[in-house]
Structures are given as structure tokens and as C-alpha cells.
Amino acid sequence: MRPIRVLVVDDSLMFRKLLVQGLNSDPNIEVVADVEDAYAARDAILKFKPDVMTLDVELPRMNGIDFLRRLMPQYPLPVVMISALNNKVFDALEAGAVDFVNKPANLTREQLNNFLTQELAAKVKIASTAKVGKLKRVDNTAIASHITVAGGRDRIVAIGASTGGTEAIFEVVKRFKRDIPGVVIVQHMPPGFTQMYSDRLNNQCEVAVKEAQTGDRVMQGQVLIAPGDRQMRLVKVGDGYQVECRGTEKVSGHCPSVDVLFSSVAKAAGNKAVGVILTGMGADGAKGLLEMRNAGALTVGQDEATCVVYGMPKVAFDIGAVQQQAPITAIAGKVYSLLSK
């Protein structure tokens, strides 16, 4: 099997060379070109036909986001953004990037090596399997007005996602109304970015969205997103719920972990919950969703056709954790339908 062909785009010659050296150290990756701006990148794409491109958000002459918006309709290509702690990365994901990594700063030599050879290389490999080029945000499927939520404060919706999840979660949450029971979400994302992502959704959606903190009550019409460096668990308190965000250990390879959240929902909410697993590489969330189903929860998985990476939902489906599959634009409606029962 031939190595994954990568184009590296970054305006810093020194950092570009570090990226090339780190990626080339992986026998399954080959950097076919490295360039300094979008115009050189366009020429390199046509010449070398890479499988994946790494792209800096900030570039001279044309920034990475504008480049993506022009590139994707003409040449769909899996792109991994390299971004400092900056809200613009979500514009890049909206424009078609598959995933992103946090641009390292003030790292030790060992930490930098780990970033290059482990984190970035892993993202490149995942991106090489991703489906790109789909039109985004074109379906404004509304929730049927006659659907009402059954039950009281003890209903809960739990959602987990990874690669491609920022856009998938938006597609679901933007359709939620203020009558939706409390929603808890794990999206694999570095610390700092979860706060910006929560704020972004809060500004775009009818429901309230915030980054979770220990002690936050789970309330109707509100979405809590796990912080990027803490495990989030649901706990029963009286006739409602609250969250605990503690522990930095990785579970199922991640912190926060979807399995940790789903397992806690199974214990705390049982048959009062609806579980949803969305696009992502790997198996995180599958076992937790099975626990939820075994505890009486109703479960939904994103279908293969609309996943950027059909990994997590596939594993969950294969082990019997998913009761129903649906395209991303129909999942909010499925959730409401299940909550009405």
C-alpha cells in the first residue's frame, strides 16, 4: 500500500520544515511538496495530486479560509488545519476542512516531536479516509410543530462525535427548540477550543449552549459541551441532573471521552435518555451507547452516507448499540420523535 501523499502549506519556512520532517518520519506518510501560500498550494495540488493537505489558517496574500472556500468546490481534498487558539478554525471547518490541530507554542523538544509524529500524523491518516466535498448547511429541515416532548425534567439527550463532528453537531443542535430536554455533548477537541465552539453555537442556535463546568444543572433548552481537557459525567440530583467535569485521564483514547459520558448517562438516566452517536474515527462511544441501550435508552446513529468518517457510528451499529440510523439532517427530528414516546 502506497504512503499517504501530503502537501504542507505554511508561511513559516522553519515550521514548514519541522512539519515535513515530522510527517516524513512516519513510513505511511510522504510529503510530496511544501509551499508558503495559497497560490503556490493551488499549483502544487494540480502538479502533485496529494491525498491530504495541511493548511495554516494565517497565510500571506490569501488566508487559509478563503483558499478553502475557493478550493473545495473545484478540487475536494481532505484538509487538516493547523491553527493557534483562534475562532477562525471553525470558519475553516465550515468551509470544508476535515479536522484541525492546535499550533504548538513553547513546547519542549519532546512535546514538539510528539505533536508532529503522533497527533498531526494521526489526524493526517484519519483525514485520508474522510469523505469531502459534500454541500453543507443546505437542508433546513424543520421539526414538525405537532411533536411534543413527553415526560418531565428527567429526560436527557446525550450526543458524542469526533472527526467531522463540529459541523454535524451544528446540523443537529440548530434544529433544537427551547422545549428540548437538557442536552450533554462530547466532541473531541483541544482545551480552549471547546469554549469558543460553545460560544459560537450559542450565537447561532435557538437553544442556549455553554462549555460545561462541574455543578452545572442540566436544564430544558440548554446544551452543555464537555471541556476539552476534562471527563464529563452526568449525575442524578433530586428530580434532575447535573454534570461533573473531573479527571484528565484518557478513556477509549480520549479526554473527554464519549464512552465516559454515555456510561454515566446509562447509570443516571436509564430509560429516560436518548443517545446519539455522530461521525468520527475509532470506537469511542460505542460501548457507552450499548450500555445506554441496555439500560432502556433509545439510540440513534448517523448513517454512513452523511458521515465524514463512518467509524464511531459503524462500530456502535455493529455491536447492537444503535437502534436507528439517519442522515445528519434528520437526526434532530428522530430525537424529537423518540422523546415524544
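I started with Cys245 and found it buried, at 10% relative accessibility (buried is under 20% relative accessible area, exposed over 50%, partly exposed in between, with a 1.4 Å probe and protein chains only). This is a predicted model, where local features need pLDDT of at least 70, side-chain atom pairs count only at pLDDT 80 or more, and totals for chains, interfaces and linings use all residues. Residues are numbered from 1 along each chain as its sequence is written, and side-chain values use heavy atoms, with hydrogens and water left out.

Next, bonding. The closest cysteine sulfur to that of Cys245 sits in Cys255, 10 Å away, so it is too far for a bond. Cys307 is in no disulfide either, since its nearest cysteine sulfur, in Cys205, is 19 Å off (a disulfide is a pair of cysteine sulfur atoms within 2.5 Å). I also noted that Cys307 is buried, with 0% relative accessible area. My search of the whole structure turned up zero disulfides.

Then I looked at helix α6, residues 165–173, and found it mostly covered, with nine of its nine residues buried. Among them are Glu167, Phe170 and Glu171. (Helices are DSSP runs of H or I, at least four residues, and strands are runs of E, at least two, numbered from the N terminus.)

Last, I checked Val8, which lies in strand β1, residues 4–9. Val8 is buried too, at 0% relative accessible area. Leaving aside neighbours within four places in sequence, I listed its contacts, including Arg16, Leu19, Asp34 and Thr54 (contact means heavy atoms within 4.5 Å).
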